Amino acid sequence: MKRLTDALPALLLTALLLAVWEAACRLLEVPVYFLPPPSAVVLALIHNAPVLAGSAAQTFWMAFKALMVAVVLGGGLAIAVSLSATAERAVAPLAVTLQVTPVVAIAPLVLIWAGLDHADRAVTALAAAVAFFPVFSGVLTGLKSADPDLERLFDLHGASALQRLWRLRLPSALPFMLEGIRVAAGLSIVGAVVAEFVSGSGATQGLAWRLLEAGNRLRTPDLLAALLCLAAMGLALNAVTTALQRRVLKALS
């Protein structure tokens, strides 16, 4: 009940905006190809539901694989370089460089490496590149956030680097790690969509392809329906990762 009460203002505002949108389109007789009313978008969503569901599943699967790759590579690399200050200074600039490099700039190269017949691999790799840095940065920051007094206690008892990592730094890094994964989850979907746009291939048949297809044919209701599916998928993934984060932290507190 409390959650419903908290969500009520957002729901009322959304309903008001949709009502204004619907009324404005009908009163001003806005062309459907320019801006369709919400009712037309809902009809397009219902009519194209099977196709959109298949495309959404494809996009989600590529984003999920990209997230797993980012978690394994980003988390693993952060743990490895945290054991050596020299390694951290060497790797950190490269990780930042990967983060600030636009995915559209490296997409053609990754597409060539993956092969034109394996566009899904290229999309997954590019989405993983987008999601990599939040995981790497979150884990590395968390590993360095351990209590200094506990660090000195471990020094006093002559703990090895692996003992310090397993018993002190990893538990301290868990909240940062979960936050990094939550951010990376959203970015993996964004990266998958952008990568599919850039690849220019319909082989993946994800939601980005549906957006391109509808846009090229000026089928704006279909375009907005696909965009609505994409937004809903992003919100659902964010809600799941946020709930997981809260449960894990609550269990540890």
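Tutor: Just after α9, L218 takes a positive phi of about 55°; helices here are DSSP runs of H or I with at least four residues, and they are numbered from the N terminus. This is a predicted model, in which local features need pLDDT of at least 70, side-chain atom pairs count only at pLDDT 80 or more, and totals for chains, interfaces and linings use all residues. Residues are numbered from 1 along each chain as its sequence is written, and side-chain values use heavy atoms, with hydrogens and water left out.

Student: Which loop is L218 in?

Tutor: L218 sits in the loop between α9 and α10, the latter covering residues 220-252, and L218 has its positive phi although it is not a glycine.

Student: And is L218 buried or exposed?

Tutor: L218 counts as exposed, at 57% relative accessibility, where exposed means over 50% relative accessible area, buried under 20% and partly exposed in between, with a 1.4 Å probe and protein chains only.

Student: OK, new spot: what about phi at E29?

Tutor: E29 is not a glycine either, yet its phi is positive, at about 50°. E29 belongs to the loop between α1 (2-27) and α2 (38-47), and E29 is exposed, with a relative accessible area of 67%.

Student: Back to α9, then: which of its residues are buried?

Tutor: In α9, which runs over residues 207-216, the buried ones are L207, A208, R210, L211 and A214.

Student: Why are they on the same side of α9?

Tutor: Because they cover an arc of only 160° around the axis, the arc being that of the directions from the helix axis to the C-beta atoms.

Note on methods:
Helices (H or I, at least four residues) and strands (E, at least two) are DSSP runs, numbered from the N terminus.
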